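Please view the sequence and structure first.

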Amino acid sequence: MSATATATTTSLASGHRLGGDEFKPDQTLEDFDGYKFSPIREAQVSREMVTRYMNDMLYYAESDVVIVGCGSAGLSCAWELSKDPSLKIAIIEQSVSPGGGCWLGGQLFSAMIVRKPADKFLDELEVPYEEKENYVVVKHAALFTSTILSKLLMRPNVKLFNATAVEDLIVKNGKVSGVVTNWTLVTLNHNTQSCMDPNVIEAKVVVSGTGHDGPMGASGVKRLESIGLIKENKGMLSLDMNAAEDDIVRYTREVVPGMVVTGMELAELDGAPRMGPTFGAMLISGQKAAYAARASLAR
Ligand code: AHZ
């Protein structure tokens with residue numbers, strides 16, 4: 001055994017705390033012998049899952065806010081909105097894994113840079129970081145994403161529908177009034193089948209946070225352009241961290257009645273530069289989008 005491994009074993013055996021739980025030095029491998037689970041019927045498992053999902057679909061068919069895209073901007077918006085327990089918030093994420101680009105800090109590197117004063121948002125979530133003069137460094141972007149996700153999903157007024165894509169918007173009299181959804185695997189296979197109609201969720205406000213252009217990205221503002229509700233998407237500009245982060249927060253707004261846009265989708269709409277791997281603007285744009293959504297709800 002290496003010197004390092006010995007040192008670790010010693011510190012654990014002397015009662016080192018692991019993830020808040022007390023390490024039990026007297027527990028042994030043999031304690032797992034004969035481990036037996038309580039009995040269950042297969043149909044029971046199925047019913048537990050199906051009833052919950054279907055009840056959620058019934059309940060959220062009319063939501064106060066639908067957030068499209070569960071990246072760092074969408075997540076931050078959902079967190080801010082979820083503080084009001086009277087709001088019913090549905091998050092629609094096309095991927096199986098929520099979090100968008102925020103599982104890594106950039107170019108497959110782990111650390112996440114957040115420029116001040118957005119560190120206050122991390123404080124609120126109790127995400128630890130290393131302090132620098134003008135910015136902070138979270139040791140892994142996944143630490144931010146998993147923390148905000150776990151706190152958000154514990155809130156009773158939030159439902160995440162993942163593996164579900166928003167295919168279109170509901171628009172009535174020039175106001176965005178909800179979204180058209182489908183299982184992502186169905187959305188990806190429309191051209192291989194004859195007809196697979198979607199589902200709908202009505203919403204008083206839609207927040208679109210689908211990121212910059214890509215296979216699904218910027219889908220909200222692209223749809224607004226194709227149905228003539230906005231004139232054009234200017235397209236994301238090349239990288240300038242200092243300009244980009246301030247721009248994204250400044251541009252965060254209700255773009256057309258009933259639809260707020262947040263995060264990098266705004267760079268496509270307004271022709272803002274990209275910022276690359278600095279995340280402060282996503283967090284604060286998400287927060288600001290929550291305030292814009294609340295203002296729209298109050299009208
Ligand atoms: O899967 C997408 C991702 O999780 C999801 N999404 C996109 N289209 C969707 C649709 N229906 C449902 N039609 C959809 N979900 O939206 C999420 C977007 O997350 P993101 O991390 O790509 O965007 P963001 O704006 O939250 O964060 C951008 C982070 C970036 S990109 C960047 C640069 O390129 O310079 N810099 C930063 C900080």
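Helices and strands are DSSP runs, H or I of at least four residues for helices and E of at least two for strands, numbered from the N terminus. The model is predicted.

## Shell around the ligand

With elements named in that way, β9 gives the largest share of the shell around the ligand, 3 residues. The shell holds 28 residues in total, and the closest to the ligand are Glu93, Gln94, Gly101, Arg274 and Gly276. By class, 11 of the shell residues are nonpolar, 15 are polar and 2 are charged.

## Backbone contacts and cover

## The largest pocket

Where does the ligand sit? The ligand sits in the largest pocket. Two or more residues of the shell around the ligand come from each of α3 (72–82), β4 (89–93) and β9 (164–172).

The largest pocket contains about 890 Å³ of space. Its lining consists of 41 residues, and those closest to the pocket centre are Gly100, Gly101, Thr210, Gly211 and His212. The elements that give two or more residues to this lining are α3, β4 and β9. By class, the lining has 16 nonpolar, 23 polar and 2 charged residues. Gly101 is listed among the residues closest to the pocket centre and also among those closest to the ligand.

## Backbone geometry

Most residues other than glycine have a negative phi, and most peptide bonds are trans. Two places in this model are listed against that background. The peptide bond from Lys116 to Pro117 is cis, with omega near 10 degrees. Pro117 is placed in the loop between β5 (112–115) and α4 (119–125).

Leu108, a residue other than glycine, has a positive phi, near 65 degrees. Leu108 belongs to the loop between β4 and β5.

How values were computed: Residues are numbered from 1 along each chain as its sequence is written. This is a predicted model: local features need pLDDT of at least 70, side-chain atom pairs count only at pLDDT 80 or more; totals for chains, interfaces and linings use all residues. Side-chain values use heavy atoms; hydrogens and water are left out. A residue is near a molecule or strand if one of its heavy atoms lies within 4 Å of it. On a 1 Å grid over the protein atoms alone, a cavity is a set of points where a 1.4 Å probe fits but cannot get out, and a pocket is an open set with protein on both sides within 12 Å along at least five of seven lines; lining residues have an atom within 4 Å of a point. A molecule sits in a cavity or pocket if more than half of its atoms lie within 2 Å of its grid points. Ala, Val, Leu, Ile, Met, Phe, Trp, Tyr, Cys and Pro count as nonpolar, Asp, Glu, Lys and Arg as charged, and the others, Gly among them, as polar. Grid points are joined across faces, edges and corners, and a volume is the space filled by probe spheres set on the points.
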